[in-house]
Amino acid sequence: MAGHGEEIETTDESLLEKTTDKIHRHNSSSSSSDSESENKPKFDDDDVKKHHDAPSLSSSLKSKSNRLFGREKPVHQVFGGGKPADVILWRNKKISASVLAGATAIWVLFELLEYHLVTLLCHISILVFAILFLWSSASKIINKSPPPIPEVRIPEDTVLQFASSLRTEINNFLQMLRSIASGRDLKKFLAVIAGLWVLSIVGSWCNFLTLFYMSFVVLHTVPVLYEKYEDEVDAFAEKAMIELRKQYAVFDDKVVSKIASKIPRGPLKQKKKD
C-alpha cells in the first residue's frame, strides 16, 4: 500500500510540473507577442485620414492651379459673396428673373419703342402723384386712412462710403492709365490698344444702351453657366491658354521685340549721376 501511495504522489507531482511548465510557456509567448506588438509602428486614425486625404489635397491644389485666370476663390466669392452675387448666380430665381425682366423692359422701351428717359420719368411721376392725390382725397370723404407715404431720406454715411470707394477706384484706374502711357510696359500697352479697338468696333454696331443691355445679359448668363460647367470650361480654357502663349511667344519674338529695340531710351545712368 505504501508503494502504491508513493506512485500516486509522484504522478501528482509530474502533473503539477507539466501544468506549471505550460503556464510559463503561455505567459512567455504572450509577453513576447505583446512586446512585438509594442515594437510595431502604430497608425492612428489621423494618420490614416492624412494618408487618404493626401491625394485629395493634391488633386484640389492641382484643380485650383488649373482654374480660369488662376482663380482660387469660388465663383460666388469672386462676385463679392453678397446679394449681388446671389442675383448674378441665380441663387434666388425670382429676384434674378425680375431683374433681368426689368432690364429687358427698359431696353425695349428705349431702344425698340424709341421712348425717351425724361418722358418716361415724367409719365411715371404723373401717374404716381395722381394715384396718391386721388387716394388721399377719397380717404377724407370716406373717412378711411390715407395712403402710407414713406419718408425717404438718403443717409450721409452711405453717400460718404460710396463716394470714398468710387474715388479709390477712379484713382486706381487713372494710375493704371498713367503707368501704361509712360511706356514702361509695352505688352500692357498693346493689350489696352487692342481692347479699345475691339470696343470701338462693337460700339459702331450698336448704341450705348444696347451695349449696356448686352453686357447686363452676359453678366446674368455667363457666370451661372460657368459655375454649372466649371470643370469642362477650365479644361478647355487651359488648352486655349497654352495655345495662346505659344502664338504670343512667336508674335513677341518676331514683332514686339523688334519694336521694343527701336524705341529710344535715355541715358539713365547720366540722369542718376546728375
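Mentor: Helices (H or I, at least four residues) and strands (E, at least two) are DSSP runs, numbered from the N terminus. This is a predicted model, in which local features need pLDDT of at least 70, side-chain atom pairs count only at pLDDT 80 or more, and totals for chains, interfaces and linings use all residues. Residues are numbered from 1 along each chain as its sequence is written, and side-chain values use heavy atoms, with hydrogens and water left out.

Trainee: In which helix is the place of Ser 96?

Mentor: The helix in question covers residues 93-112. Ser 96 belongs to helix α5.

Trainee: Is Ser 96 buried or exposed?

Mentor: Buried means under 20% relative accessible area, exposed over 50%, and partly exposed in between (1.4 Å probe, protein chains only). Ser 96 has 0% relative accessibility, so Ser 96 counts as buried.

Trainee: Which residue's backbone oxygen does the side chain of Ser 96 reach?

Mentor: Contact means heavy atoms within 4.5 Å. Not counting residues up to four places away in sequence, Ser 96 touches Asp 86, Val 87 and Trp 90. At 2.7 Å, the side chain of Ser 96 reaches the backbone oxygen of Val 87.

Trainee: How many residues apart in sequence are the parts that Arg 91 and Glu 227 tie together?

Mentor: A salt bridge is a side-chain nitrogen of Lys or Arg within 4 Å of a carboxyl oxygen of Asp or Glu. The side chains of Arg 91 and Glu 227 meet in such a bridge, at 2.9 Å from N to O. Because Arg 91 lies in the loop between α4 (83-88) and α5 and Glu 227 lies in helix α9 (residues 208-228), the pair ties together parts that are apart in sequence by 136 residues.

Trainee: With which residue does Glu 151 form a salt bridge?

Mentor: Both partners in this pair are exposed. The closest N and O atoms are 2.9 Å apart, and the partner of Glu 151 is Arg 153.

Trainee: How many aromatic pairs does the count come to?

Mentor: Rings of Phe, Tyr and Trp (its six-membered ring) pair if their centres lie within 6.5 Å; planes under 30 degrees apart count as stacked, over 60 as edge-to-face and the rest as tilted. By this rule the aromatic pairs come to 2.

Trainee: Why is the pair of Trp 107 and Tyr 213 stacked?

Mentor: The ring centres of Trp 107 and Tyr 213 are 5.0 Å apart. The pair is stacked because the planes stand at 10 degrees.

Methods. Polar contact = N/O pair within 3.5 Å; in protein donor to acceptor, adjacent residues only side chain to side chain.
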